[in-house]
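This report covers domain arrangement, chain contact, helix packing and confidence for the structure shown below.

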Amino acid sequence: MGGRPSRRLGSESDPPVKFLAPAVFAFVTSLLLTPPARAIELSIVSGDTGNGIKVLREILDRYEKKSGNKVDIVVIPPSTTDQFGQYRLWLAAGSSDIDVYQTDVIWAPQLASQLVDLTEATRDVVGAHFPSIIQSQTVNGRLVALPIFTDAPALYYRKDLLDKYGAKVPTTWQQLQDTAKLVMDKERAAGNKDLWGYVFQGNAYEGLTCNALEWVMSNGGGGIIEPDGRISVDNPKAAAALDRVKGWIGTIAPPGVLAYQEEEARGVWQTGNAVFMRNWPYAYALGNSENSPIKGKFDVAPLPAGDGGHPVATLGGWNLAVSKYSRHPDEAIDLVKFIASPEMQKYRTLKTSNLPTIAALYDDPDIARQQPIVPRWKPIFLNAQPRPSASARIKYNEASSQFWTAVHNTISGNGTAADNLAELEARLTRLKGKGW
Amino acid sequence: MSAARRSPLARRRVRTAWLFLAPMLFVLAVVAGWPFLRTVYYSFTDASLADLNARQWVGFDNYLSVLRLPSGRVLYDGLLVDRVWWRAVWNTVRFAAISVACETALGMIVALALNAEFPGRGIVRAAILIPWAIPTIVSAKMWQWMLNDQFGIINVVLLNLGLIHEKIAWTASTDTAMVAVLIVDIWKSTPFMALLILAALQMLPREILEVAKLDGASPWQVFRWVTLPLIRPAVMVAVIFRALDALRIFDLIYVLTPNNVQTKSMSIFARENLFEFDKFAYGSAASTLLFLIIGLLTIAYIRLGRLSFEGGR
């Protein structure tokens with residue numbers, strides 16, 4: 001959805017490709033040593049945001065050269081909620097059309113039975129990845145997907161505007177609200193009529209679950225469903241957090257934020273029409289790209305804290321899984337390992353500012369120079385909060401949908417936060433039944 | 001009919017007719033009948049998409065199940081007591097009623113205008129069909145962009161005309177989400193209505209209209225008492241087509257406002273349960289009910305409208 005601003009704004013500079021030299025050398029020698037195999041056609045499905053698809057294509061071009069196989073990208077919409085429905089359909093039909101799926105960090109338990117166990121094939125490489133991410137993709141002892149990048153959201157802010165009005169980077173939601181209001185009012189009075197204070201992901205979809213988990217949890221309102229399976233969402237602190245957000249709609253956030261996903265929020269932000277934005281690290285590289293009106297005018301900070309005292313960032317991240325129904329599982333696994341390799345993760349990070357899943361890359365000098373957000377974001381992603389997909393297991397999607405529906409109702413003014421959360425708790429209890 | 005029993009020629013004709021119909025019936029049975037029966041069957045099981053073969057028969061539990069607690073309380077569960085489902089049914093029926101009514105009225109006006117003789121009529125007729133010719137997904141995306149709250153052209157135009165004072169978040173606000181969907185649907189489907197009504201208008205015998213005029217009837221009287229009764233059967237059929245379409249509404253809402261409670265239609269509800277949630281059987285039950293509801297509404301409409309499909313009117 002809303003990919004249009006990205007195409008206009010999303011051009012980016014070419015980083016040096018020096019680090020590829022050893023890879024090219026290895027590739028040439030491997031060509032000399034192994035006879036070329038029959039070309040195999042693979043397909044990979046992805047609904048990445050920003051310039052993610054373009055960078056994936058560049059990575060695949062390298063793979064095609066190295067392996068002699070052909071890989072097609074099947075591009076689908078970036079809404080995770082839509083993607084899951086489509087994946088479900090393909091997998092349930094036992095479709096062999098798709099060999100490799102790009103999967104969200106939360107999906108492993110729900111799709112595990114239809115994905116290939118990668119444990120054996122990746123034994124040599126998993127050690128380089130963060131153990132917690134590998135753990136999140138392991139279901140009943142089977143590694144069902146290999147991570148290619150991880151995600152932890154940032155508070156994007158306009159340095160120039162904050163400096164202009166002598167405002168500090170907010171560390172609490174209250175400060176964010178006040179600063180956003182201050183800057184927005186003064187700028188609007190000065191003629192900048194389209195400026196808004198804060199944009200985030202308020203559409204009724206999985207992204208709202210991420211945003212709302214941060215509001216609720218940083219306010220001391222718990223994690224919706226706790227690791228032991230207890231439903232904890234109906235409490236005054238959670239209600240207070242949602243009430244605060246409700247107050248933002250139409251004041252510091254445009255009313256349309258209730259229909260924004262990542263790219264719509266970035267559209268407002270990157271045209272220079274927002275003081276603050278909550279988004280994933282991918283928006284960093286795009287905001288600093290050649291034609292961006294806000295190039296060099298912004299920076300990132302951890303999300304603000306609520307009354308709970310500490311900020312919360314929802315753990316995101318994307319992985320590659322091989323379909324059980326693939327006709328070429330060995331080649332598909334090979335492709336997955338190639339895309340997840342340190343060289344390609346570095347390439348991706350330089351182009352997209354996605355966070356790598358390989359610990360060593362956070363100390364890489366090229367990355368530190370070109371995408372300074374990455375080393376700074378290591379502690380934030382290490383402390384990021386997973387969504388309750390591990391506790392809700394196969395019922396997670398429905399639980400998440402009920403949560404985002406309650407939140408969306410509340411912030412769009414349908415019922416009070418307290419009522420909606422009480423109803424949500426009743427619904428989740430019924431959904432849980434005898435157990436998750 | 002009774003002649004068929006007697007005359008060998010008629011019997012042969014009937015046999016030939018069946019022979020010609022057979023391929024179509026076979027294809028229909030394969031692509032529509034079989035999936036439909038499967039869906040009905042799944043709605044009586046606890047099937048899950050993760051493993052369709054592990055299903056078990058659960059009877060009517062997906063529609064209505066009664067749970068008696070030891071304390072004596074009785075809990076009802078299932079589609080028939082699901083408030084979200086009934087909200088979706090209400091959304092769909094309301095959407096269908098409003099959109100078809102507007103499309104019929106507008107379509108009638110457009111058809112009457114196009115029925116008049118004026119230079120360039122051929123071009124205008126072709127041009128007015130364009131919205132109908134654009135695939136729904138494409139027009140939905142196009143309108144989504146035009147309705148965008150910050151960059152959308154509609155807000156810019158309305159602002160510049162001074163009709164609104166601040167930008168409206170068309171697809172986000174609970175007050176305007178359904179309006180946005182209706183606007184796009186009416187824009188898209190009015191040409192279809194206009195085309196069918198225009199076809200009916202062109203079939204009208206000119207003499208009757210001229211006689212009415214000679215008798216001194218005003219244009220409105222001619223329309224109300226001559227034209228309208230004569231094109232009524234065609235309009236009724238066109239309305240049925242549109243109503244069936246509108247009751248199944250999916251693509252437009254799926255693109256514009258997929259997860260909003262205010263616009264969720266029956267089809268969206270069914271899809272969500274079938275594929276997104278782990279409730280394939282429940283979604284099948286919703287699909288089955290959707291079929292029954294549309295069927296009942298159509299039968300009711302045909303009865304009330306005293307519509308005849310026997311032809312010859």
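In this predicted model, the C-alpha centres of domain 1 of chain B and domain 2 of chain B are 30 Å apart. Domain 1 of chain B spans residues 2-77, and domain 2 of chain B spans residues 84-304. Where these domains touch, 12 residues of domain 1 of chain B and 9 residues of domain 2 of chain B take part. On the domain 1 side of that contact in chain B there are 6 nonpolar, 5 polar and 1 charged residues.

Chain A is also assigned two domains, each made of two segments: domain 1 covers 4-151 + 316-382, and domain 2 covers 154-314 + 388-432. The centres of domain 1 and domain 2 of chain A, taken over C-alpha atoms, are separated by 28 Å. Contact between them involves 30 residues of domain 1 of chain A and 29 residues of domain 2 of chain A. On the domain 1 side, the elements of chain A that supply two or more residues are helix 1 (4-9), helix 4 (80-92), helix 5 (108-111), helix 14 (342-352) and helix 16 (373-382). The residues on this side of domain 1 of chain A comprise 10 nonpolar, 17 polar and 3 charged.

Between the chains, 20 residues of chain B are in contact with 28 residues of chain A. For the complex, the predictor reports an ipTM of 0.75 and a pTM of 0.82.

| Helix pair of chain B | Axis distance | Angle |
|---|---|---|
| Helix 8 (residues 177-203) and helix 10 (residues 219-247) | within 9 Å | roughly 155° |
| Helix 12 (residues 266-276) and helix 13 (residues 280-304) | 7 Å | about 160° |

The axes of helix 8 and helix 10 of chain B cross at roughly 155°, so helix 8 of chain B is roughly antiparallel to helix 10 of chain B. The crossing of helix 8 of chain B with helix 10 of chain B is right-handed. From helix 8 of chain B, the contact draws on B:Ser189, B:Phe192, B:Met193, B:Leu196, B:Ile197, B:Ala200 and B:Leu201, while helix 10 of chain B contributes B:Ile231, B:Ala234, B:Val235, B:Ala238 and B:Arg242. By class, the residues of this contact between helix 8 and helix 10 of chain B are 10 nonpolar, 1 polar and 1 charged.

Helix 12 and helix 13 of chain B pack at about 160°, and therefore helix 12 of chain B is roughly antiparallel to helix 13 of chain B. Helix 12 of chain B passes helix 13 of chain B with a left-handed crossing. On the helix 12 side of chain B are B:Met266, B:Ser267, B:Phe269, B:Ala270, B:Asn273 and B:Leu274, which meet B:Phe280, B:Tyr282, B:Gly283, B:Ser284, B:Ala286, B:Ser287 and B:Leu290 of helix 13 of chain B. The contact of helix 12 with helix 13 of chain B has 8 nonpolar, 5 polar and no charged residues.

Confidence is given per chain. Chain B has an average pLDDT of 89, with 96% of the residues scoring at least 70. Chain A has a mean pLDDT of 90, and 91% of its residues reach 70 or more. Within chain A, confidence is highest in strand 9 (residues 274-279), at 97, and lowest in helix 1, at a mean of 40. The pLDDT is below 50 over residues 1-17 of chain A, and this stretch has 42 contacts in the model beyond near neighbours in sequence. Helix 1 of chain A is also among the elements listed for the side of domain 1 that touches domain 2 of chain A.

Key: Residues are numbered from 1 along each chain as its sequence is written. Chains are lettered from A and ligands numbered from 1 in the order in which they are written. This is a predicted model: local features need pLDDT of at least 70, side-chain atom pairs count only at pLDDT 80 or more; totals for chains, interfaces and linings use all residues. pLDDT is the predictor's confidence in each residue, from 0 to 100. Axes are lines fitted to C-alpha atoms, for helices over the stretch in contact, and angles run from 0 to 180 degrees between N-to-C directions. Helices (H or I, at least four residues) and strands (E, at least two) are DSSP runs, numbered from the N terminus. Angles under 35 degrees count as roughly parallel, over 145 as roughly antiparallel, 65 to 115 as roughly perpendicular and the rest as oblique. A crossing is left-handed if the near helix is turned anticlockwise from the far one by less than a right angle, and right-handed if clockwise. Two residues are in contact if their C-beta atoms, placed from the backbone, lie within 7 Å. Ala, Val, Leu, Ile, Met, Phe, Trp, Tyr, Cys and Pro count as nonpolar, Asp, Glu, Lys and Arg as charged, and the others, Gly among them, as polar. Domain bounds come from an automatic or database domain assignment.
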